[in-house]
Amino acid sequence: MDYKIKSGDTLSALAKRFNTDVDSLVKANPNITNKDLIYADATLNIPGSKDEFQAQGAAKGPDLTGGAQQTQGAQAVGDVPPGQVGDWIKQAMDILKANGVPADKMNPQDIAKIIQHESSGNPNAINLWDSNAQKGTPSIGLMQTIQPTFDSYKLPGHDNIRNPVDNIIAGVRYSIARYGSVSDVPGIKGLSSGSGYVGY
């Protein structure tokens, strides 16, 4: 997840706020050469505190731009990424398929990219500073859904916004309803075109 640094922010305060540590923030932001000096308006990558996952074929770490295939639109489904996040994606996709969602609408590599950019794979991530939070509906969980969106797109029996599988189910159903497929989410298209990720 990306965070825009505000005047007065410190790495130690941000590390505490996002349940991580200063060394992890520095490691996730190679542009930081002095941990005691950060600049307002710069973008800080907030890593997940518990889980790292990778695209199939990537060397290591949470870089999900590698992988066996690049996708655009609703093409064939890619491989599920290894690791805990990949396991959650697979579980969610199995439930979604059993509920009639076509596999070609939910590429697991693209789901993983959204998760990496939205929450860094942290199922407890919560955004307390954007416009949704100011309205009283903060973005929560792996795919950073707000409660009203989660409630609209969850499946029966998958009612916990903080449960990683339930959160993926709602996020994927929302993505398909709004954009046609996970691969058509603007952030995924931005990554494919080189313009970069944008929230969905």
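How many of the 16 residues of α7 are buried?

Reply: This is a predicted model, where local features need pLDDT of at least 70, side-chain atom pairs count only at pLDDT 80 or more, and totals for chains, interfaces and linings use all residues. Residues are numbered from 1 along each chain as its sequence is written, and side-chain values use heavy atoms, with hydrogens and water left out.

On to your helix. In α7, 12 of the 16 residues are buried, so the helix is mostly covered (buried means under 20% relative accessible area, exposed over 50%, and partly exposed in between, with a 1.4 Å probe and protein chains only). Helix α7 covers residues 164–179. Here, helices are DSSP runs of H or I with at least four residues, strands are runs of E with at least two, and both are numbered from the N terminus. From its first C-alpha to its last, α7 reaches 22 Å, close to the 22 Å expected at 1.5 Å a residue (the expected span is 1.5 Å times one less than the number of residues).

Which residues are tucked away? The buried ones include Pro164, Val165, Ile168, Ile169, Val172 and Ile176, but Asp166, Asn167, Tyr174 and Ser175 are also among them. As for what covers them, the buried residues of α7 pack against α3, α4, β4 (139–140) and α6 (147–153); contact means heavy atoms within 4.5 Å.

Two of those partners, α3 (residues 84–98) and α4 (residues 108–119), also pack on each other, at an angle of about 125° and with their axes 10 Å apart. That makes α3 oblique to α4: angles under 35 degrees count as roughly parallel, over 145 as roughly antiparallel, 65 to 115 as roughly perpendicular and the rest as oblique. (Axes are lines fitted to C-alpha atoms, for helices over the stretch in contact, and angles run from 0 to 180 degrees between N-to-C directions.) Where they meet, Val85, Ile89 and Met93 from α3 touch Pro108, Ile111, Ala112 and Ile115 from α4. By class, this contact has seven nonpolar, no polar and no charged residues (Ala, Val, Leu, Ile, Met, Phe, Trp, Tyr, Cys and Pro count as nonpolar, Asp, Glu, Lys and Arg as charged, and the others, Gly among them, as polar).

There are a couple of curious loop residues to look at too. Ser120 sits in the loop between α4 and β3 (126–127) and has a positive phi of about 55° although it is not a glycine. Ser120 is buried, at a relative accessible area of 6%. Likewise, Gln144 isn't a glycine, yet its phi is positive, at about 50°. You'll find Gln144 in the loop between β4 and α6, and its 8% relative accessibility counts as buried.

Now zoom out. The protein's secondary structure comes to eight helices and four strands, running β-α-α-β-α-α-β-α-β-α-α-α from the N terminus on. Of its 200 residues, 46% count as buried. Among contacts with a separation of 6 or more, 55% come from residues 24 or more positions apart.
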